[in-house]
Amino acid sequence: MTTQAQTHEIVIVGGGAGGLELATRLGDKLGKKKRANITLIDASPSHLWKPLLYEVAAGSLDSYAERLEYLAQGHWHHFRFRLGRMEQLDRANQEIAVAPTFDENGEEIIPRRRFRYDTLIIAVGSVANDFGVPGVSEHCIMLDTPGEAREFHRRHINACLRANTQAEAVAPGQLTVGIVGAGATGVELAAELHDTTRELSAYGMDHIDPDKSLKLLIVEASDRILPGLPPRLSAAAAERLAELGVEMHTNERVVEVRKDGMLTADGKFIPASMMVWSAGIKAPDFLREIDGLETNRVNQLVVKPTLQTTRDDNIFALGDCAACPMPDGKNVPPRAQAAHQQASHMAKSICRRFRGKPLLDYVYRDYGSLVALGRFSTVGNLMGGLSGGSIMIEGAMARLVYWSLHKMHQIALHGWIKTSMTTYAHFISTPTRARIKLH
């Protein structure tokens, strides 16, 4: 492959945290020098860091202002962007098929296309897993995309406007948001909604009493919230949510979702006027055993420690859609920090392939977990450091570290100088921006 470096085709499918960072790095390393053609394919024309979606849903973040256009990023960093959704893989001919793109009226904008690859990297992330529970798709909103987050925000704002202007008093349960799943997304959404709804009341929706009109509840099948994190972190988050008035139902597995609430396995019915499903994730369904590649029960592509798929060394996978083994037998957790690490690792690996060197194994480094609990509160734990173990942090320090995670992503995409300038501009404009968006 080193003799064909000038025409080598690298195709990256998925422009999330891992895919976009990888395309940017490879574009700067290989695309700029014309050593390879790098193509990024994504179903959306723009990128928004997925951990921010709960803020979009709560209305505290303008997704249009924060988004990054793939075409512009490709122009700046020497890769091509193509709009579309991957639907098929042809390993024999080393091609992928991308579905046609339609406008809002159903008219075809871009026809079905095929892209040849020499190296294929699949980084399509994850989607919500409804586990086959009846009624989820009809009555719950997922938070997989900015569009879904905006849809939840639109419904929540409309419900608040309706309640504020109706002649009669706000009825019990009229503004009840039920969140299924107490992972980071569900917990952060509940805390953020608590804050933004109070902002609405302060802005003039004075017929809504945030402490009485709005009810937030979380339903979790495990015995505690944030079950994937250390127990002391879960306990601290639960204490904070209780202070905010969030109702927590643990050890309750939802078996059916209805228009007006959720039914649990114990026969308990939990009323809600609007519901969010964040109970688990899976890789997109189209990946399931795609052209003979090995996948697991949640559609993730099984990869070697080199991030190559087990049945094709020319196909790699990273991020949430990859099942990457760790020495303890578990898989790398589906976190933004893992996608960031894998993108950096894979950029080095692809360059080593061009030089004819063997690939290195990826080693996951857990730097801890952080959960934002509203505007002024964050809890988390940092791994390693001076202690060599885990340090629990709260308050301003935790909030600063949480904020820095997004900045690290921006630095990977734009570099230190541009990120510093945009951060400074953001702080300057803060006094003139509304805390919550009404559209």
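In this predicted model, the largest nonpolar core holds 54 residues, and Ile 10 and Ile 96 are the ones that touch the most other members. Several elements give two or more residues to this core: strands E1 (8-13), E2 (36-42), E6 (85-90), E7 (95-99), E11 (119-122) and E24 (312-317), together with helices H1 (17-31) and H9 (336-354). Helix H9 makes the greatest contribution to this core, with 7 residues. Leaving aside residues up to four places away in sequence, Ile 10 touches Leu 26, Leu 30, Ala 36, Asn 37, Ile 38, Thr 39, Thr 119, Ile 121, Ile 350 and Phe 354. Another core lies apart from this one; it has 51 residues, including Ile 157, Ala 191, Ala 237 and Leu 241.

Stepping back, the whole chain can be described with a few overall values. The secondary structure comprises 10 helices and 28 strands. The protein has a radius of gyration of 23 Å, close to the 22 Å that the globule rule gives for 439 residues, so it is as compact as a globular protein of that length. The C-alpha trace spans about 75 × 55 × 50 Å along its principal axes. Of the 439 residues, 52% are buried. Among contacts with a separation of 6 or more, 64% are between residues 24 or more positions apart. The protein exposes about 20,700 Å², and carbon and sulfur atoms supply 53% of that area.

Charged side chains come next. The whole structure contains 17 salt bridges. One of them pairs Arg 80 with Glu 9, with the closest N and O atoms 3.2 Å apart. This pair links distant parts of the chain, since Arg 80 belongs to strand E5 (residues 80-83) and Glu 9 to strand E1, 71 residues apart. The two partners can be told apart by their accessibility: Arg 80 is partly exposed, with a relative accessible area of 36%, whereas Glu 9 is buried, with a value of 14%.

A second salt bridge joins Asp 312 to Arg 91, and here the closest N and O atoms are 3.1 Å apart. Asp 312 lies in strand E24 and Arg 91 in the loop between E6 and E7, so this pair ties together parts that are 221 residues apart in sequence. Asp 312 counts as buried because its relative accessibility of 12% is under the 20% cut-off. Arg 91, at 23% relative accessibility, counts as partly exposed.

In a further salt bridge, the closest N and O atoms of Lys 268 and Glu 252 are 3.9 Å apart. Lys 268 sits in the loop between strand E18 (261-264) and strand E19 (269-271), while Glu 252 sits in the loop between strand E16 (247-249) and strand E17 (254-258), 16 residues apart. Lys 268 is partly exposed, with a relative accessible area of 35%, and Glu 252 is buried, with 11%.

Trp 403 is found in helix H10 (residues 395-429). With a relative accessible area of 39%, Trp 403 is partly exposed.

Conventions: Residues are numbered from 1 along each chain as its sequence is written. This is a predicted model: local features need pLDDT of at least 70, side-chain atom pairs count only at pLDDT 80 or more; totals for chains, interfaces and linings use all residues. Side-chain values use heavy atoms; hydrogens and water are left out. Helices (H or I, at least four residues) and strands (E, at least two) are DSSP runs, numbered from the N terminus. Buried means under 20% relative accessible area, exposed over 50%, partly exposed in between (1.4 Å probe, protein chains only). A nonpolar core is a set of buried Ala, Val, Leu, Ile, Met, Phe, Trp, Tyr and Cys residues joined through side-chain atoms within 4.5 Å. Contact means heavy atoms within 4.5 Å. The radius of gyration is taken over C-alpha atoms; the globule rule is 2.2 Å times the number of residues to the power 0.38. Accessible areas come from the Shrake-Rupley method with a 1.4 Å probe; for residues, only the protein chains shown count as cover. A salt bridge is a side-chain nitrogen of Lys or Arg within 4 Å of a carboxyl oxygen of Asp or Glu.
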